[in-house]
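Dear colleague,

I am passing on the structure below, and after it I set out what I found. Please read the notes with the coordinates open beside them.

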Amino acid sequence: MAAQQQWQQRFLDLLAGHHSTTGDPVDTGARLVVLNPDGQEALRAALARHFRFMDDGQGVWVRPLVGGDDTGEGYLFNLGIARRRALQWTDATDPRLVDDAVVMDLVTGQLARVEPADAAELTELNRWEEFTDRLTQEEDLALRRLDADSWHGRFS
Amino acid sequence: MGTGSKSSHQSYAVGPTALAESPTSPVELPNVPAGEEVAGPGGAVGEGPAGPGVQEPLPDHAASLQDTDVDAALESLLQEPGSVEELGVPGPMSAEEEPPTQIASPEEAEPPLQEPSEAGLSAVGDDGAVPAADDEAKADEVDEEETDPPLTPVPAEPPVGEPTGTPILVGGDDFIHSEATLIAYASPDGPREVLLTHVSEEAEEKLLDALSIPGTHMEDIEVEEEVKERLDLDKQKKLGELTTTAVTSVQHKLKEHLPMSEASIAKHQAAVDAVSAVLNDPGVSDDEKAMAQHYMDQLDVVKDKIANGGEPLPWMQPYEVTATKMVTKQVAVPNGEPEPGSLEATVRKASRIKAELDPETGQSSWDGVTRSQANGTEYEIDMGEGWKAVYRPYKENDPSSTEYSLRGQLEVHAPAGAGHGKDLVERLEQLHLVNKPMTAAEGEWTYLSNNIQAQGLSQAAGMKAAMETAQGLEDLQVQELVHQRMDALMGLDSDDLQTQMKRIQLEAAQKVLPMKVEVVRDAVAKASGFSGGAELAASPGYEPTPTTSGRWLTWSRFDVTGKQEEVTKAFSGRSLTHSIGSGDLAGLLSTGVLASTEKRATMGIGSGVGMSEQDDKMTGGANSVFLRVQPTSSDPGGGVLVWDDPSVLMRRSDYYGYNGDHYGAINPDHHNYSAEAITRDPMKIAKFYSGANEVMFRGGLDLLGAEAPSRIVCKSAGERKKILASFSARGINELGGKPVEDVLCVTDDN
């Protein structure tokens, strides 16, 4: 399998939870860790299971699961905060497999690692799955399309 | 020394725009309403608006008067040579002589023309009863001159329920872009009128000097509260969790159109077993039985989906009961009394007005109390007589760990009821901030400031010298006025002298503003390729007044308005877009604005739920809306606003962009901020190629006014029809000069 196919397949598997050991993909998923050039961690968040590769082949849209809050109405996400985000890698270095993770050298100079979620990020992913059960099918599909720059509706 | 007479200043009258006429009204006494005379040894002083430059610092001499011998201080002021008239304009700051100097930081700071504030000015407004030191000649001169009218009128009664409020411009530069908004929220107690603005970091010291913050400590109080909670047995047996696990697993298969897995079936069975055990337990109470049955009913639905598949499951809530409980809460209690003459402020966790926008009526309402939590610190300020303010200080909100977009936000709240519009502005004086509408002369100062920042001219040769000269003009004017009024000043005690010095400072700032504008305009002109200020001011793109497009006030940049064709050509084949995806396009257009996260909060849109270090509130992007540069030929899909002529927006001076996803970062302390990548250059923005590029416009865009999109792509013919009907009912037939039928299209039209 070509290197590109390998990392893309791994990326897809991580988000879908195909690495689950329980037989149920929903029991796991992926998290995103972004490191600044100085090695400082800039972001650590679970990823929703949807993604969309950019037309130019140099990036992918994902949805880091941020903006969750335990409210009187249960655990909710602010969909204005949990917006789509772009991971764009440099021309010079394509994403690659490193151990269980897909590693990307981002155009921002940062390094992104998509890897199996555990601990706090897995809990947040579970909360997200539960939260999305509140959405209408139309809302759910809108999130999956990853095409909106802002969210105008409930939970914003 | 000059004479200080009117004729001596005429040679500095600002032309040729005619908009920058000297603001000729005398400086108003603090705490004295316009038009009201105040008796004093020197005669009457002041009517009309307090002048521009109220926000500007006292020269060091004036500040030093607070603690030093009065006569000696005055003497020191008079020992400095020169006069305003003797200071040439603007000879000493040629490009060859002055090294480039950083004046404006690239972040979203106040325009670079601002000077740091000093605490010395902060007592403005403390004591309006101090005698005036002006003379008869001055009073006569004042009468002869015309009042410079405000650029934006201040409504006495802002329209009730109007979500975007009424934008106004406040004089000086205490406020970012000199902007404020008056909003009257509908409420059962009558309108809740609020002034919302963003104090510049440089003006913060003045504001803080008006406050007394004795500090607080937390005390526990017991309050009765209704709480919803799960039964103890539910939590012990984890019935809710087991049911949710089964639901989530099955739901996943339904949504992904996957076959039901053994794992899903096992999870369901585990939940059924646990719930059945409770149902079959004779020792459980009726409430507990009801709880178990609630879950069993849900699990029956899940079982059906396991067997038959079909549409995803509906939202299944846990079983909860409402109970009244005594809850211990912590409240902040002041440690002591406020200092006399200051406003008492208490420190608390930051929050935002939690308004609500009625989608049916389009009205914003707020009860005057409910607030949503934010990540940071704020002061609640008691202004007396039922007036309050809330301020979120820069110094208490570390940009690396709190919401960047809330820093400097100020709310002034009137008592419930209508008619406080003008008082809301006047009351800014209590906070030691400029409290008068902006005049045309001040407007040009703001315009130049914005252009320096937008065009990146702050480091241009000659700019620093121009700023120094501008400040020098003011200092000299102060000296001249002190000299003229020496006799009256010498007899004053320290407090009175301070007040008079502040008055003189205000007057000096007002008098020299046209000259300062001329100096800086000349520097800006030379930095941008004009022979001088006169040529720049006469150029067709020079528009030193804001554009009012219904809901926003925006300032333009002359490098775009003067080169419209070049900018349009640069964007040839490229559009600016914003996608709301499957969002409520009709609802968005009913508000008429594409508003920033912060604006949406004040309008009553958004839950206020959630917080993240990645939030736009942390990067500072929450003060802007995000657009993207895309090929015009690309299929935008439904729910997209398209500006096929981006120059309509590029004329604004308040945008910045990244050729990539930087979360709209303008907070230099945020890791997504990049000084190298950020740009305000429209020509660079026109070349953005990344699919994740972003262009941020402060506040938002008026979708129905001059900034209207050229295409609004609906998701369906039905949605288009609905929006057309709404436009028709509101009398909206054209957008941006095009019939609405041509602007509204559906995806297939493209």
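The domain bounds used here come from an automatic or database domain assignment. This is a predicted model, in which local features need pLDDT of at least 70 and side-chain atom pairs count only at pLDDT 80 or more, whereas totals for chains, interfaces and linings use all residues. Residues are numbered from 1 along each chain as its sequence is written, while chains are lettered from A and ligands numbered from 1 in the order in which they are written.

Chain B is divided into domain 1 (6-148 + 455-536), domain 2 (166-214 + 338-431), domain 3 (217-230 + 323-337), domain 4 (231-319) and domain 5 (547-749). The centres of domain 2 and domain 5 of chain B, taken over C-alpha atoms, are separated by 27 Å. Between these domains, 24 residues of domain 2 of chain B are in contact with 24 residues of domain 5 of chain B, where contact requires that the C-beta atoms of two residues, placed from the backbone, lie within 7 Å.

On the side of domain 2 of chain B that touches domain 5 of chain B, at least two residues each are supplied by several strands, including S1 (166-169), S7 (343-353) and S10 (371-384) of chain B; strands (E, at least two residues) and helices (H or I, at least four) are DSSP runs, numbered from the N terminus. S2(B) gives the most to this side of domain 2, with three residues. By class, this side of domain 2 has 11 nonpolar, eight polar and five charged residues, with Ala, Val, Leu, Ile, Met, Phe, Trp, Tyr, Cys and Pro counted as nonpolar, Asp, Glu, Lys and Arg as charged, and the others, Gly among them, as polar.

Turning to chain A, there are three helices and 10 strands, and from the N terminus on the elements run α-β-β-β-β-β-β-β-β-β-β-α-α. The C-alpha atoms of chain A fill a box of roughly 45 × 35 × 30 Å, taken along the principal axes. Of the 156 residues of chain A, 50% count as buried, that is, 20 or more other C-beta atoms, placed from the backbone, lie within 10 Å of the residue's own.

As for the interface, 47 residues of chain A are in contact with 42 residues of chain B. Helix H2 (119-132) and strand S2 (41-47) of chain A are among the elements that each supply at least two residues of the side of chain A that touches chain B, and H3(A) gives the most to that side, with five residues.

With kind regards

Key
Buried ≥ 20, exposed ≤ 12 C-beta atoms within 10 Å, placed from the backbone.
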